[in-house]
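Q: Please take a close look at the part of this model where two chains meet, and at the packing beside it.

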Amino acid sequence: MPGIDESLLEAMRLPGARGALVADWISGLALGAVGEAPGGDAEATAAETAELARLALESPTLAPGSGGGASGGTTVEDLILTTADAYQLLRLVVTPFDSTVFLYLWLDRRDGNLALARIRLAEMADRLVLG
Amino acid sequence: MTAAAPTHTTAPALLAGLAADGATGVLTTSSGVLHLAAGEVVHADSAMSPALGELLTRSGALAPENWWEAVRRAGVRRRVGRHLVERGRLTTGALELCHLGALFDAAYFALLHDDRPARFRPGVAHWLGAVRPVPAAAVLRESRRRRALLQRIWPDPAVDTAPLARTSGAGRTKLPPRRGRALALVDGASTAAQIASALACRTFHTLVELRRLAADGLVIPAPPRPAAALRGPAAPGAAWDEPETALLRRLLDALEAL
(Lines give C-alpha, C1' and ligand atoms only; values in the text may rest on other atoms or scores of the structure.)
Protein backbone atom coordinates (compact mmCIF):
# COMPACT_ATOMS: atom_id res chain seq x y z
CA MET A 1 0.00 0.00 0.00
CA PRO A 2 1.69 3.22 -1.12
CA GLY A 3 2.63 6.06 1.18
CA ILE A 4 3.86 9.49 0.05
CA ASP A 5 7.39 8.31 -0.78
CA GLU A 6 6.26 5.22 -2.69
CA SER A 7 3.85 7.32 -4.75
CA LEU A 8 6.56 9.84 -5.60
CA LEU A 9 9.01 7.10 -6.57
CA GLU A 10 6.32 5.54 -8.75
CA ALA A 11 5.80 8.90 -10.47
CA MET A 12 9.56 9.10 -11.09
CA ARG A 13 9.39 5.84 -13.06
CA LEU A 14 7.32 7.56 -15.78
CA PRO A 15 9.28 8.25 -18.98
CA GLY A 16 10.98 11.65 -18.82
CA ALA A 17 10.23 12.27 -15.11
CA ARG A 18 12.67 14.77 -13.59
CA GLY A 19 11.06 15.50 -10.25
CA ALA A 20 7.88 14.97 -8.25
CA LEU A 21 6.38 16.32 -5.04
CA VAL A 22 3.31 16.34 -2.83
CA ALA A 23 2.33 19.85 -1.76
CA ASP A 24 -0.44 21.70 0.08
CA TRP A 25 -2.21 24.33 -2.03
CA ILE A 26 -3.21 26.58 0.88
CA SER A 27 -0.04 26.65 2.98
CA GLY A 28 2.43 25.97 0.12
CA LEU A 29 4.11 23.25 2.21
CA ALA A 30 6.05 20.45 0.46
CA LEU A 31 5.00 17.24 2.24
CA GLY A 32 7.44 15.15 0.23
CA ALA A 33 9.74 15.57 -2.78
CA VAL A 34 11.98 13.40 -4.96
CA GLY A 35 14.29 14.13 -7.90
CA GLU A 36 15.01 17.62 -9.20
CA ALA A 37 12.87 20.74 -9.08
CA PRO A 38 12.70 23.58 -11.61
CA GLY A 39 15.03 26.25 -10.22
CA GLY A 40 16.63 23.68 -7.91
CA ASP A 41 14.50 24.27 -4.80
CA ALA A 42 11.62 21.85 -4.14
CA GLU A 43 10.18 23.99 -1.33
CA ALA A 44 10.05 27.03 -3.63
CA THR A 45 8.44 24.92 -6.38
CA ALA A 46 5.83 23.68 -3.88
CA ALA A 47 5.00 27.24 -2.78
CA GLU A 48 4.75 28.55 -6.37
CA THR A 49 2.71 25.65 -7.77
CA ALA A 50 0.46 25.88 -4.70
CA GLU A 51 -0.36 29.47 -5.59
CA LEU A 52 -1.14 28.44 -9.18
CA ALA A 53 -3.43 25.66 -7.94
CA ARG A 54 -5.15 27.99 -5.49
CA LEU A 55 -5.99 30.54 -8.20
CA ALA A 56 -7.67 27.79 -10.24
CA LEU A 57 -9.41 26.20 -7.25
CA GLU A 58 -10.77 29.52 -6.01
CA SER A 59 -11.89 30.80 -9.39
CA PRO A 60 -15.64 31.44 -9.28
CA THR A 61 -16.14 30.61 -12.96
CA LEU A 62 -13.41 28.25 -14.23
CA ALA A 63 -14.11 25.44 -11.77
CA PRO A 64 -16.82 26.60 -9.37
CA GLY A 65 -17.21 23.20 -7.64
CA SER A 66 -13.61 23.09 -6.46
CA GLY A 67 -12.33 23.15 -2.92
CA GLY A 68 -15.73 22.52 -1.45
CA GLY A 69 -15.61 18.77 -1.12
CA ALA A 70 -18.17 18.61 -3.94
CA SER A 71 -17.84 16.04 -6.68
CA GLY A 72 -19.16 16.32 -10.18
CA GLY A 73 -18.19 18.05 -13.35
CA THR A 74 -16.97 21.41 -12.13
CA THR A 75 -14.04 20.60 -9.81
CA VAL A 76 -10.38 21.01 -10.78
CA GLU A 77 -8.71 17.67 -11.52
CA ASP A 78 -5.42 18.64 -13.17
CA LEU A 79 -3.43 21.70 -14.08
CA ILE A 80 -1.02 21.42 -17.01
CA LEU A 81 1.75 23.89 -17.76
CA THR A 82 3.95 23.40 -20.80
CA THR A 83 7.23 25.02 -21.79
CA ALA A 84 9.41 24.28 -24.85
CA ASP A 85 11.45 21.77 -22.85
CA ALA A 86 9.11 20.48 -20.12
CA TYR A 87 5.64 19.53 -18.98
CA GLN A 88 4.54 20.36 -15.44
CA LEU A 89 1.50 18.52 -14.21
CA LEU A 90 -0.53 19.01 -11.03
CA ARG A 91 -3.15 16.51 -9.86
CA LEU A 92 -5.46 17.34 -6.96
CA VAL A 93 -5.77 14.59 -4.33
CA VAL A 94 -9.29 14.03 -2.97
CA THR A 95 -9.32 12.98 0.70
CA PRO A 96 -12.21 12.22 3.10
CA PHE A 97 -10.57 14.44 5.79
CA ASP A 98 -9.45 18.07 5.66
CA SER A 99 -6.44 18.18 3.39
CA THR A 100 -5.59 20.44 0.50
CA VAL A 101 -2.89 18.51 -1.34
CA PHE A 102 -1.83 17.81 -4.89
CA LEU A 103 0.76 15.69 -6.69
CA TYR A 104 3.21 17.57 -8.90
CA LEU A 105 5.28 16.05 -11.70
CA TRP A 106 8.03 17.68 -13.77
CA LEU A 107 8.55 15.89 -17.09
CA ASP A 108 11.21 16.33 -19.73
CA ARG A 109 9.33 17.15 -22.91
CA ARG A 110 11.51 15.03 -25.23
CA ASP A 111 10.91 11.79 -23.33
CA GLY A 112 7.70 12.53 -21.51
CA ASN A 113 4.22 11.46 -22.62
CA LEU A 114 1.74 13.97 -21.26
CA ALA A 115 -1.38 11.85 -21.83
CA LEU A 116 0.15 8.81 -20.14
CA ALA A 117 1.52 10.88 -17.26
CA ARG A 118 -1.86 12.46 -16.65
CA ILE A 119 -3.60 9.09 -16.43
CA ARG A 120 -0.90 7.57 -14.20
CA LEU A 121 -0.76 10.59 -11.87
CA ALA A 122 -4.55 10.42 -11.44
CA GLU A 123 -4.30 6.72 -10.54
CA MET A 124 -1.50 7.47 -8.05
CA ALA A 125 -3.54 10.23 -6.41
CA ASP A 126 -6.45 7.82 -5.94
CA ARG A 127 -4.31 4.95 -4.65
CA LEU A 128 -2.48 7.21 -2.20
CA VAL A 129 -5.73 7.75 -0.30
CA LEU A 130 -7.91 4.77 -1.21
CA GLY A 131 -5.29 2.01 -1.49
CA MET B 1 13.28 9.28 32.98
CA THR B 2 14.49 12.50 34.57
CA ALA B 3 13.12 15.98 34.10
CA ALA B 4 15.61 18.34 32.55
CA ALA B 5 16.63 21.37 34.59
CA PRO B 6 14.53 24.42 33.69
CA THR B 7 16.28 26.61 31.17
CA HIS B 8 15.55 29.93 29.54
CA THR B 9 16.39 28.75 26.06
CA THR B 10 13.84 29.74 23.41
CA ALA B 11 11.92 27.01 21.57
CA PRO B 12 13.70 27.35 18.18
CA ALA B 13 17.17 27.35 19.79
CA LEU B 14 16.29 24.40 22.02
CA LEU B 15 14.76 22.48 19.10
CA ALA B 16 17.82 23.04 16.91
CA GLY B 17 20.09 21.74 19.68
CA LEU B 18 17.88 18.69 20.32
CA ALA B 19 17.85 17.89 16.61
CA ALA B 20 21.64 18.05 16.49
CA ASP B 21 21.84 15.73 19.52
CA GLY B 22 19.34 13.25 18.02
CA ALA B 23 17.21 13.62 21.16
CA THR B 24 14.00 11.72 21.98
CA GLY B 25 11.37 13.28 24.25
CA VAL B 26 8.87 16.08 24.61
CA LEU B 27 9.56 19.78 24.01
CA THR B 28 6.99 21.97 25.79
CA THR B 29 6.57 25.61 24.76
CA SER B 30 4.23 28.29 26.08
CA SER B 31 1.64 27.27 23.47
CA GLY B 32 2.07 23.57 22.66
CA VAL B 33 4.30 20.51 22.59
CA LEU B 34 6.55 18.87 20.02
CA HIS B 35 7.37 15.17 20.32
CA LEU B 36 10.84 14.21 19.11
CA ALA B 37 12.32 10.85 18.19
CA ALA B 38 16.01 10.63 17.26
CA GLY B 39 16.09 14.41 16.74
CA GLU B 40 13.13 14.50 14.34
CA VAL B 41 9.62 15.79 15.01
CA VAL B 42 7.17 12.87 15.07
CA HIS B 43 4.11 14.58 16.54
CA ALA B 44 2.86 17.97 17.74
CA ASP B 45 -0.01 19.13 19.92
CA SER B 46 -1.49 22.55 20.55
CA ALA B 47 -4.68 23.74 22.20
CA MET B 48 -5.21 25.92 19.12
CA SER B 49 -5.35 23.10 16.58
CA PRO B 50 -7.50 19.96 16.20
CA ALA B 51 -5.71 16.68 17.02
CA LEU B 52 -5.25 13.92 14.43
CA GLY B 53 -8.07 11.84 15.96
CA GLU B 54 -10.48 14.78 15.72
CA LEU B 55 -9.56 15.50 12.09
CA LEU B 56 -10.08 11.85 11.15
CA THR B 57 -13.26 11.12 13.09
CA ARG B 58 -15.10 14.43 12.83
CA SER B 59 -14.66 14.50 9.05
CA GLY B 60 -16.15 11.00 8.83
CA ALA B 61 -12.92 9.54 7.40
CA LEU B 62 -12.71 7.16 10.35
CA ALA B 63 -15.45 5.93 12.71
CA PRO B 64 -14.77 7.11 16.29
CA GLU B 65 -14.98 3.53 17.60
CA ASN B 66 -12.22 2.50 15.18
CA TRP B 67 -10.00 5.35 16.36
CA TRP B 68 -10.49 4.48 20.03
CA GLU B 69 -10.08 0.78 19.36
CA ALA B 70 -6.66 1.55 17.83
CA VAL B 71 -5.71 3.78 20.78
CA ARG B 72 -6.79 1.07 23.22
CA ARG B 73 -5.12 -1.86 21.49
CA ALA B 74 -1.95 -0.26 20.18
CA GLY B 75 -1.41 2.86 22.33
CA VAL B 76 0.75 1.14 24.92
CA ARG B 77 2.93 -0.35 22.18
CA ARG B 78 3.07 3.11 20.54
CA ARG B 79 1.75 1.74 17.25
CA VAL B 80 -1.66 3.41 16.89
CA GLY B 81 -0.92 4.69 13.38
CA ARG B 82 0.35 1.32 12.17
CA HIS B 83 -2.61 -0.45 13.78
CA LEU B 84 -5.06 1.72 11.78
CA VAL B 85 -3.26 0.83 8.55
CA GLU B 86 -2.92 -2.88 9.37
CA ARG B 87 -6.62 -3.11 10.15
CA GLY B 88 -7.41 -1.47 6.81
CA ARG B 89 -9.04 1.58 8.43
CA LEU B 90 -6.78 3.97 6.49
CA THR B 91 -4.19 3.69 3.74
CA THR B 92 -0.58 4.57 4.56
CA GLY B 93 -0.91 7.60 2.29
CA ALA B 94 -4.10 8.86 3.95
CA LEU B 95 -2.57 8.47 7.42
CA GLU B 96 0.59 10.30 6.36
CA LEU B 97 -1.30 13.17 4.71
CA CYS B 98 -3.62 13.71 7.69
CA HIS B 99 -0.82 13.25 10.22
CA LEU B 100 1.50 15.75 8.48
CA GLY B 101 -1.41 18.19 8.18
CA ALA B 102 -2.04 17.95 11.93
CA LEU B 103 1.67 17.99 12.81
CA PHE B 104 2.54 21.18 10.93
CA ASP B 105 -0.69 22.80 12.13
CA ALA B 106 0.07 22.17 15.82
CA ALA B 107 3.79 22.94 15.36
CA TYR B 108 2.92 26.36 13.93
CA PHE B 109 1.10 27.28 17.14
CA ALA B 110 3.61 25.56 19.43
CA LEU B 111 6.39 27.68 17.88
CA LEU B 112 4.40 30.90 17.61
CA HIS B 113 6.06 32.73 20.51
CA ASP B 114 9.65 32.01 19.64
CA ASP B 115 11.06 34.47 22.16
CA ARG B 116 9.63 32.61 25.16
CA PRO B 117 11.48 29.87 27.04
CA ALA B 118 10.73 26.21 26.38
CA ARG B 119 11.64 23.06 28.28
CA PHE B 120 12.49 19.50 27.29
CA ARG B 121 11.74 16.20 28.98
CA PRO B 122 13.84 13.40 27.51
CA GLY B 123 12.89 9.81 26.93
CA VAL B 124 9.15 9.91 26.31
CA ALA B 125 7.93 8.51 22.99
CA HIS B 126 4.47 9.32 21.63
CA TRP B 127 1.68 6.71 21.65
CA LEU B 128 0.79 7.30 17.99
CA GLY B 129 4.14 5.87 16.88
CA ALA B 130 6.31 7.28 14.11
CA VAL B 131 4.20 7.89 11.00
CA ARG B 132 6.41 10.19 8.99
CA PRO B 133 9.10 11.98 11.03
CA VAL B 134 9.97 15.51 9.89
CA PRO B 135 13.42 17.13 10.32
CA ALA B 136 13.29 19.83 13.01
CA ALA B 137 14.82 22.35 10.59
CA ALA B 138 11.91 21.79 8.17
CA VAL B 139 9.37 22.38 10.98
CA LEU B 140 11.11 25.61 12.03
CA ARG B 141 11.38 26.82 8.42
CA GLU B 142 7.72 26.05 7.70
CA SER B 143 6.54 27.81 10.87
CA ARG B 144 8.41 30.97 9.87
CA ARG B 145 7.08 30.73 6.31
CA ARG B 146 3.50 30.36 7.57
CA ARG B 147 3.84 33.42 9.78
CA ALA B 148 5.08 35.43 6.77
CA LEU B 149 2.20 34.11 4.62
CA LEU B 150 -0.44 35.31 7.12
CA GLN B 151 1.37 38.65 7.43
CA ARG B 152 1.26 39.08 3.63
CA ILE B 153 -2.46 38.28 3.42
CA TRP B 154 -3.59 40.67 6.18
CA PRO B 155 -1.22 41.99 8.85
CA ASP B 156 -3.60 41.88 11.85
CA PRO B 157 -2.80 38.99 14.23
CA ALA B 158 -5.93 39.78 16.30
CA VAL B 159 -7.91 37.85 13.66
CA ASP B 160 -6.16 34.66 14.81
CA THR B 161 -7.19 34.82 18.46
CA ALA B 162 -10.12 37.24 18.98
CA PRO B 163 -13.82 36.39 18.67
CA LEU B 164 -14.74 37.37 15.12
CA ALA B 165 -17.68 39.29 13.70
CA ARG B 166 -19.04 39.82 10.19
CA THR B 167 -19.27 43.24 8.62
CA SER B 168 -22.26 44.48 6.64
CA GLY B 169 -20.50 43.53 3.39
CA ALA B 170 -20.47 39.83 4.27
CA GLY B 171 -22.92 37.71 2.30
CA ARG B 172 -22.94 39.95 -0.76
CA THR B 173 -20.02 38.40 -2.63
CA LYS B 174 -19.63 34.87 -3.91
CA LEU B 175 -16.74 33.23 -2.09
CA PRO B 176 -14.63 30.12 -2.71
CA PRO B 177 -16.28 27.22 -0.81
CA ARG B 178 -13.71 26.93 2.00
CA ARG B 179 -13.86 30.66 2.67
CA GLY B 180 -17.65 30.64 2.55
CA ARG B 181 -17.81 27.82 5.12
CA ALA B 182 -15.46 29.72 7.46
CA LEU B 183 -17.50 32.92 7.08
CA ALA B 184 -20.73 31.03 7.84
CA LEU B 185 -19.38 30.24 11.33
CA VAL B 186 -18.28 33.80 12.12
CA ASP B 187 -20.90 34.74 14.73
CA GLY B 188 -19.46 37.50 16.90
CA ALA B 189 -18.37 35.03 19.60
CA SER B 190 -16.34 32.20 18.02
CA THR B 191 -12.59 32.40 17.60
CA ALA B 192 -10.59 31.01 14.68
CA ALA B 193 -9.68 27.89 16.69
CA GLN B 194 -13.34 27.24 17.51
CA ILE B 195 -14.36 27.75 13.87
CA ALA B 196 -11.60 25.34 12.75
CA SER B 197 -12.74 22.78 15.32
CA ALA B 198 -16.37 23.06 14.19
CA LEU B 199 -15.31 22.57 10.56
CA ALA B 200 -12.94 19.66 11.44
CA CYS B 201 -10.30 21.72 9.61
CA ARG B 202 -6.72 22.53 10.48
CA THR B 203 -6.56 25.87 12.29
CA PHE B 204 -3.77 27.44 10.22
CA HIS B 205 -5.75 26.74 7.04
CA THR B 206 -8.77 28.36 8.67
CA LEU B 207 -6.63 31.36 9.66
CA VAL B 208 -5.67 31.78 6.00
CA GLU B 209 -9.36 31.97 5.02
CA LEU B 210 -10.23 34.29 7.92
CA ARG B 211 -7.32 36.66 7.17
CA ARG B 212 -8.41 36.75 3.51
CA LEU B 213 -11.95 37.58 4.69
CA ALA B 214 -10.48 40.30 6.92
CA ALA B 215 -8.43 41.64 3.99
CA ASP B 216 -11.66 41.82 1.95
CA GLY B 217 -13.32 43.75 4.79
CA LEU B 218 -15.86 41.00 5.49
CA VAL B 219 -14.63 39.96 8.96
CA ILE B 220 -13.30 41.99 11.89
CA PRO B 221 -12.26 41.15 15.46
CA ALA B 222 -15.50 41.46 17.46
CA PRO B 223 -15.85 44.51 19.72
CA PRO B 224 -15.24 43.52 23.38
CA ARG B 225 -18.34 42.29 25.21
CA PRO B 226 -19.16 42.73 28.90
CA ALA B 227 -16.99 40.44 31.02
CA ALA B 228 -20.01 38.54 32.36
CA ALA B 229 -20.99 37.42 28.89
CA LEU B 230 -17.57 35.88 28.33
CA ARG B 231 -17.66 33.63 31.38
CA GLY B 232 -19.14 30.17 31.38
CA PRO B 233 -17.85 26.77 30.40
CA ALA B 234 -14.91 26.90 28.02
CA ALA B 235 -15.65 25.56 24.57
CA PRO B 236 -13.41 22.76 23.29
CA GLY B 237 -10.31 24.14 21.62
CA ALA B 238 -10.77 27.53 23.28
CA ALA B 239 -8.03 29.93 22.27
CA TRP B 240 -4.92 30.24 24.41
CA ASP B 241 -5.93 27.67 26.93
CA GLU B 242 -2.87 26.62 28.92
CA PRO B 243 -1.45 23.89 26.68
CA GLU B 244 -1.07 21.41 29.50
CA THR B 245 -4.67 21.98 30.61
CA ALA B 246 -5.84 21.32 27.08
CA LEU B 247 -3.74 18.17 26.85
CA LEU B 248 -5.08 16.94 30.17
CA ARG B 249 -8.60 17.57 28.95
CA ARG B 250 -7.89 15.58 25.80
CA LEU B 251 -6.45 12.77 27.90
CA LEU B 252 -9.55 12.80 30.07
CA ASP B 253 -11.76 12.59 26.96
CA ALA B 254 -9.66 9.66 25.75
CA LEU B 255 -9.93 7.81 29.06
CA GLU B 256 -13.66 8.36 29.23
CA ALA B 257 -14.07 6.97 25.74
CA LEU B 258 -12.30 3.70 26.65
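A: Two residues are taken to be in contact if their C-beta atoms, placed from the backbone, lie within 7 Å. On that basis, 25 residues of chain A are in contact with 29 residues of chain B. This is a predicted model, in which local features need pLDDT of at least 70, side-chain atom pairs count only at pLDDT 80 or more, and totals for chains, interfaces and linings use all residues. Residues are numbered from 1 along each chain as its sequence is written, while chains are lettered from A and ligands numbered from 1 in the order in which they are written.

On the side of chain A that touches chain B, α1 (4-12) and α3 (114-130) of chain A each supply at least two residues, and α3(A) gives the most, with three residues; helices here are DSSP runs (H or I, at least four residues), numbered from the N terminus. That side divides into 13 nonpolar, ten polar and two charged residues, where Ala, Val, Leu, Ile, Met, Phe, Trp, Tyr, Cys and Pro count as nonpolar, Asp, Glu, Lys and Arg as charged, and the others, Gly among them, as polar.

The axes of α1(A) and α3(A), which are lines fitted to C-alpha atoms over the stretch in contact, with angles running from 0 to 180 degrees between N-to-C directions, come within 10 Å and cross at roughly 170°. The two helices are therefore roughly antiparallel, a term for angles over 145 degrees. Ser7(A), Glu10(A) and Ala11(A) in α1(A) meet Leu121(A), Met124(A) and Leu128(A) in α3(A), a contact with four nonpolar, one polar and one charged residues.

Technical notes
Parallel < 35°, antiparallel > 145°, perpendicular 65-115°, else oblique.
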